[in-house]
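Subject: Handover of a structure

Dear colleague,

Please find below the structure that I am handing over to you. My findings follow after it, and I would ask you to read them with the model open.

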Amino acid sequence: MTSGQLIPIITAFSASVLTAALVAWTRDHHIALVLRRNDLRAVQASHCTPTPRLGGLAVLAGLAAGALLASHDDAHLWSLILASAAPVALAGLAEDLGLRIPPAGRLAAAALSSLVAVITLQLWLARLDIPGLDLLMAWSAFAIPFSIFSVMGVCNAFNLIDGMNGLSGFTGVATALGLAAVALQAEDPGLVWMALLLVSALVGFLIFNYPQARIFLGDAGAYALGHLLAWVGILSISRIDELTPWAVLLIFFWPVADTLLAIWRRRTAGRPSDEPDRLHFHQLVMRALEILILGRQARRVANPLTTLILLPMIAAPIAAGVLLWDHPLAAFAALAAFGALFIATYMTGMTLAARRGRYLPSLRARIRAANAPWTTARTQEARGELDLEEAGERA
């Protein structure tokens, strides 16, 4: 990598760290914005302390600083991709500041950002490696709306997994590294540079987000991250003829799979697909840690530990996508296998949760009858089991 490519990457990291530090150090001046949102009472909340949601500004500041110092051939292309993220980043920032932008409004902003990318880049998904459907993808009137809808989904997916310390940030790093590894094999240094620029800005933010979160990525950061990664993925498919879209989908597997599962789960329960709940994969893992091992008082440990446990599961399909980047049938088979494993693991966890919960009422009755002393911590642990029982029934 040349100095012209390396200096912007170092700059992106430095600017991200400095901006994240500024957000963390000025917490007392803007924490009222978080208190106004009443985040701790949200049904999907997984933290105990009001925390600034402006970490996305650190990532975007790093990426912008890196773009300003870049002078090689792909710098202008990256600047266009970054600029196209402005509508969705601004809508997310408004939500982070407590202005209450509804999910439909944020998704509309994501669609607008993708439309800007299509117009400025003159780029969209032109193939899916699906016989028959690729004939439709050759027709821009079909391919452009499909591309916009797909990127909207990825934006929303990264926002939905932004529930544990470091989860969305580390997933973004792993995804970007997967795209960089594919570009490296295909000998496209421009794409490698774009992906590593994203990695450097995210690492600067993660210093303040993991293991204990002093700042959160927020909607601005999560939606913008999904948008940028998705368009680097589309650009990769466009520039690398041998790259199969199935491999790219493997690289984006975890956030996409969790989002599709959430939509299916809510629809089958008769609830709106955008209604928050506590039944995401990461929430199931965290609550299991609290109930079975750590206790309800240990959320500060359970939260980052959940991310650590999930990282190998997130990385496995990404590694498969990198290995099978130019093998469409094998990549499709791997995607189907990971999808089946994801669903089976989740349903097994929910079944065990429901099973454990069914024993709790009789256990409580026996304890009351025996007048056995219960500590506060154990009482809270029991309440956690009731929550997990409810999760099993609702799933």
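A residue counts as buried when its relative accessible area is under 20%, as exposed when that area is over 50%, and as partly exposed in between. Leu294 has a relative accessibility of 32%, so this residue counts as partly exposed. Please bear in mind throughout that this is a predicted model.

**The nonpolar patch**

Leu294 lies in helix α14. Together with Leu292, Ile293 and Val301, Leu294 forms a nonpolar patch on the surface. The accessible area of these four residues together is about 380 Å². Helix α14 gives the most to this patch, namely three residues.

A pair of aromatic rings is described by the distance of the centres and the angle of the planes. The structure holds nine aromatic pairs. One of them is formed by Trp254 and Phe281, with 5.1 Å from centre to centre and 65 degrees between the planes. Planes over 60 degrees apart count as edge-to-face, and the pair of Trp254 and Phe281 is therefore edge-to-face.

Because Phe281 lies in helix α14 and Tyr346 in helix α16 (residues 328–358), the pair ties together parts that are 65 residues apart in sequence. Tyr346 is buried, as is Phe281. Trp254, Phe281 and Tyr346 belong to one aromatic cluster, which also includes Phe253, Phe338 and Phe342.

**The salt bridges**

How many salt bridges does the structure hold? There are seven salt bridges in the structure, and I describe some of them here.

Arg27 and Asp28 form a salt bridge in which the closest N and O atoms are 3.6 Å apart. Asp28 has a relative accessibility of 64% and so counts as exposed, whereas Arg27, at 26%, counts as partly exposed.

Arg239 forms a salt bridge with Asp74, and here the closest N and O atoms are 2.9 Å apart. Arg239 lies in helix α11 (residues 218–239), while Asp74 lies in the loop between α3 (55–69) and α4 (75–84), so the pair ties together parts that are 165 residues apart in sequence. With a relative accessibility of 32%, Arg239 counts as partly exposed. Asp74, at 14%, counts as buried.

Helix α11 also contains Asp219. The side chain of Asp219 meets that of Arg106 in a salt bridge, at 2.7 Å from N to O. Since Arg106 lies in helix α6 (residues 103–121) and Asp219 in helix α11, this pair ties together parts that are 113 residues apart in sequence. Asp219 and Arg106 are both buried.

Yours sincerely,

A colleague

Definitions and conventions. Residues numbered from 1 in each chain as written. Predicted model: local features only at pLDDT ≥ 70, side-chain atom pairs only at ≥ 80, totals over all residues. Heavy atoms only, no water. Phe/Tyr/Trp six-rings, centres within 6.5 Å; stacked < 30°, edge-to-face > 60°. Helix = DSSP H or I, 4+ residues; strand = E, 2+ residues; numbered from the N terminus. Buried < 20%, exposed > 50% of the residue type's maximum accessible area, 1.4 Å probe, protein only. Patch = residues over 30% accessible without salt bridge, like charges linked within 9 Å, V, L, I, M, F, W, Y side chains within 5 Å. Areas by Shrake-Rupley, 256 points an atom, 1.4 Å probe, with all protein chains shown as cover.
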